[in-house]
Number of protein chains: 2
Amino acid sequence: MATLRDVAREAGVSVATASRAINGLGNVTAPTRAAVMAAVKKLNFVPHSGARSLTRRKTDTVGVILPDLFGEFFSEIIRGIDLVAHESGMHLLLGNMHGSTHETAAAIAAMRGRVDGLLVMPPDLKPELLADYLDPALPTVLLNYDAGPLDLPFVAVDNYQGAYAMTAALIARGARQIVHIAGPKHNRDARDRQRGFVDAMSKIGGVRNPAILPGDFSEESGAQAARLLVQGQLPADAVFAANDQMAVGLIAGLAEAGKSVPKDVMVAGFDDIPLARHLNPSLSTMQVHIDRLGSTAMMMLLRILRGETLGAASATILTPELIARGTTAGAIHQESATAAPRA
Amino acid sequence: MATLRDVAREAGVSVATASRAINGLGNVTAPTRAAVMAAVKKLNFVPHSGARSLTRRKTDTVGVILPDLFGEFFSEIIRGIDLVAHESGMHLLLGNMHGSTHETAAAIAAMRGRVDGLLVMPPDLKPELLADYLDPALPTVLLNYDAGPLDLPFVAVDNYQGAYAMTAALIARGARQIVHIAGPKHNRDARDRQRGFVDAMSKIGGVRNPAILPGDFSEESGAQAARLLVQGQLPADAVFAANDQMAVGLIAGLAEAGKSVPKDVMVAGFDDIPLARHLNPSLSTMQVHIDRLGSTAMMMLLRILRGETLGAASATILTPELIARGTTAGAIHQESATAAPRA
DNA sequence: GTTCACACGGTAACCGGTTACAAGGCCGCA
DNA sequence: TGCGGCCTTGTAACCGGTTACCGTGTGAAC
């Protein structure tokens with residue numbers, strides 16, 4: 001591979017001149033520039049971004065660290081990030097923490113010197129740990145994670161409010177015995193959704209200890225919940241799953257047990273994954289514009305890179321929207337989400 | 001941010017010793033190493049990967065260039081790649097050609113000096129152009145693309161055979177008037193699938209010029225095809241869409257027009273996206289293990305990086321599998337896919 | 001006590017660019 | 001013709017690591 005020195009030699013100029021010509025720095029005469037460009041073409045020279053970023057002290061790359069890469073949720077986030085990054089000529093370096101704390105530390109450390117900033121989504125990490133791993137000098141925006149004491153900017157979905165609104169809607173629709181299928185215990189999204197559910201049940205439904213079944217956001221755990229529900233003879237006229245994936249498994253499980261949705265029991269999910277509208281009956285859910293999560297975070301990061309100072313106060317909270325579909329009989333009263341108190 | 005020299009100074013040793021201690025290179029005494037490590041801890045030193053890769057002449061990163069980042073298809077590919085890459089401690093640098101030829105060139109050029117190898121999926125690029133863009137010195141594996149004259153290793157899905165098998169199955173199931181919804185004209189996958197369909201129709205069905213409707217792989221174009229079909233009164237007892245996405249739109253369109261699937265018309269797709277099994281009736285399709293496309297390509301790239309020489313002869317062809325579901329009435333005779341001639 | 005081998009650790013070149021600074025050439029003006 | 005100033009170009013330091021090569025010091029062998 002040709003280097004800048006090869007080009008300079010070929011064009012009969014110094015490396016400095018070659019560099020200036022290639023980068024269009026003005027103080028190069030037209031003939032000199034032409035000679036350099038001819039050499040570039042002849043040798044098929046492409047600048048070595050690694051070396052370049054060493055001196056320029058910027059890499060035009062942002063690191064994206066996600067808990068996993070599975071499913072439409074993450075691909076939508078990446079797409080949202082890429083959309084904005086691409087406009088600014090930035091590249092994406094993917095890091096995957098593969099669910100392990102140790103891997104998370106490694107993923108973040110490996111980014112040093114490769115990226116100008118970081119987009120991190122650590123749904124089940126304690127803030128103190130995160131603080132240890134992150135380099136304070138590296139601009140960082142958190143995804144779907146309120147860093148609390150860390151004073152880092154973040155973009156999050158108002159899970160509490162969303163769950164509250166959905167629960168309210170189910171109650172308004174006439175449900176009295178609503179069961180919640182929770183997400184992973186350590187997952188913040190899951191916990192916030194559960195809190196929203198519990199609070200709505202208490203404040204609107206007047207129910208103190210609503211039934212909650214365990215789950216882990218997987219389709220299988222939704223099916224499992226269906227079994228528990230039916231075999232345990234848990235009285236329920238509606239089930240609110242903490243995400244759509246589990247709602248899908250739940251519906252399949254209920255169908256197997258001979259329960260009809262929404263006649264025997266209403267079902268609601270959270271996220272509005274593409275599959276939701278295609279189910280039969282179609283799934284009522286809280287719509288989250290997942291790609292906006294990514295693009296908003298990326299825009300915040302770009303602002304920091306341009307010199308602005310952003311802290312936790314600059315956080316953006318995306319409010320999910322209630323989408324009433326077939327699994328709640330299409331007759332949900334669309335309660336105003338803003339009626340719910342903030343967490 | 002602390003540099004190696006800072007660490008060396010703090011530990012009272014030279015940079016060389018610090019480097020050796022940190023990288024565990026043996027010729028350092030235990031006390032010296034301890035001193036260095038203490039300094040590392042104290043200064044919170046993390047090696048600068050950019051600088052390191054400059055001298056080591058490897059980046060532990062592979063570039064992944066995809067035509068787009070939309071939908072489950074690409075997220076599955078990335079997941080497959082990551083699975084293998086992660087095991088070898090490699091990182092992923094994402095490049096998106098955003099559908100434009102010019103962007104493709106830019107994306108590939110931007111990778112120079114950042115990656116040790118490239119995984120490229122250029123579904124609608126001419127091989128000659130691709131050859132111009134690619135650096136022959138950079139190990140490259142193509143995804144879903146037979147480079148033909150380029151002698152580059154690739155991983156592809158046997159689209160021809162898959163379409164042939166599906167068409168054969170529809171015929172075996174009793175369909176006589178099968179309509180194909182094609183994909184984008186310049187897309188190689190789409191063209192191969194169309195060829196498989198046409199050949200099967202001719203060789204097995206004895207039909208010379210089977211009906212083909214235009215499409216572009218989008219759900220909307222499937223719905224459009226449904227309209228054409230119904231309004232144009234095209235006689236059809238089965239429709240074979242070139243991908244699942246279009247089949248989904250098609251089914252919705254047919255339902256709107258009052259046509260029943262599979263009673264009035266059978267429907268088949270291609271890809272087996274996760275949605276397929278959840279439709280009602282569930283979608284018959286050719287199952288492609290998309291993640292394997294990615295992981296296989298990554299494994300080939302790793303072999304090249306380890307010193308092996310791989311050319312077009314080392315290509316891997318993944319054979320899709322027929323999945324008969326509800327939209328073909330669950331009664332398709334599973335014709336052996338191997339009965340079809342190779343393209 | 002001297003010599004030698006060997007292990008440890010330091011100096012400096014290098015990876016491939018960028019850029020501060022200096023040098024040289026050309027011009028205009030007196 | 002001589003001088004100053006500007007514009008172009010070259011030299012070399014630098015980014016932050018790695019590593020070839022060399023020097024030093026210790027212990028063992030004579």
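Author: Let us begin with one pair of residues: B:Val155 stands opposite B:Thr316 in β11(B). This is a predicted model, where local features need pLDDT of at least 70, side-chain atom pairs count only at pLDDT 80 or more, and totals for chains, interfaces and linings use all residues. Residues are numbered from 1 along each chain as its sequence is written, chains are lettered from A and ligands numbered from 1 in the order in which they are written, and side-chain values use heavy atoms, with hydrogens and water left out.

Reader: How do you know that β5 and β11 of chain B pair?

Author: Strands are DSSP runs (E, at least two residues; helices are H or I, at least four), numbered from the N terminus. Two strands pair if DSSP finds at least two bridges between them. Strand β5 (residues 154–157) of chain B and β11(B) have three bridges, in the parallel sense, so they meet the rule.

Reader: What makes β11 of each chain an edge strand?

Author: β11 (316–318) of chain A and β11 (316–318) of chain B each pair on one side only. They belong to an open sheet of 12 strands with mixed pairing, ordered β11(A)-β5(A)-β4(A)-β3(A)-β1(A)-β2(A)-β2(B)-β1(B)-β3(B)-β4(B)-β5(B)-β11(B).

Reader: Why is the relation between the chains called a two-fold axis?

Author: Copies are superposed by least squares on the C-alpha atoms of residues with pLDDT of at least 70 in both. A rotation of 180° with 0.0 Å of shift along its axis superposes chain A on chain B, with an RMSD of 0.1 Å. That is why we speak of a two-fold axis. In chain A, the C-alpha nearest the axis is that of A:Leu93, 2.2 Å from it.

Reader: What makes two residues count as being in contact?

Author: Their heavy atoms must lie within 4.5 Å. By that rule, 42 residues of chain A are in contact with 42 residues of chain B.

Reader: How do you know what area is buried between chain A and chain B?

Author: Buried area is the accessible area (1.4 Å probe) that two parts lose on being put together, summed over both. Here that gives about 4000 Å², of which carbon and sulfur atoms give 58%. In chain A, A:Arg112, A:Arg114 and A:His278 lose the most area to chain B, together 18% of what that side buries.

Reader: How many salt bridges cross the interface?

Author: A salt bridge needs a side-chain nitrogen of Lys or Arg within 4 Å of a carboxyl oxygen of Asp or Glu. Across the interface of chain A and chain B, the rule finds zero.
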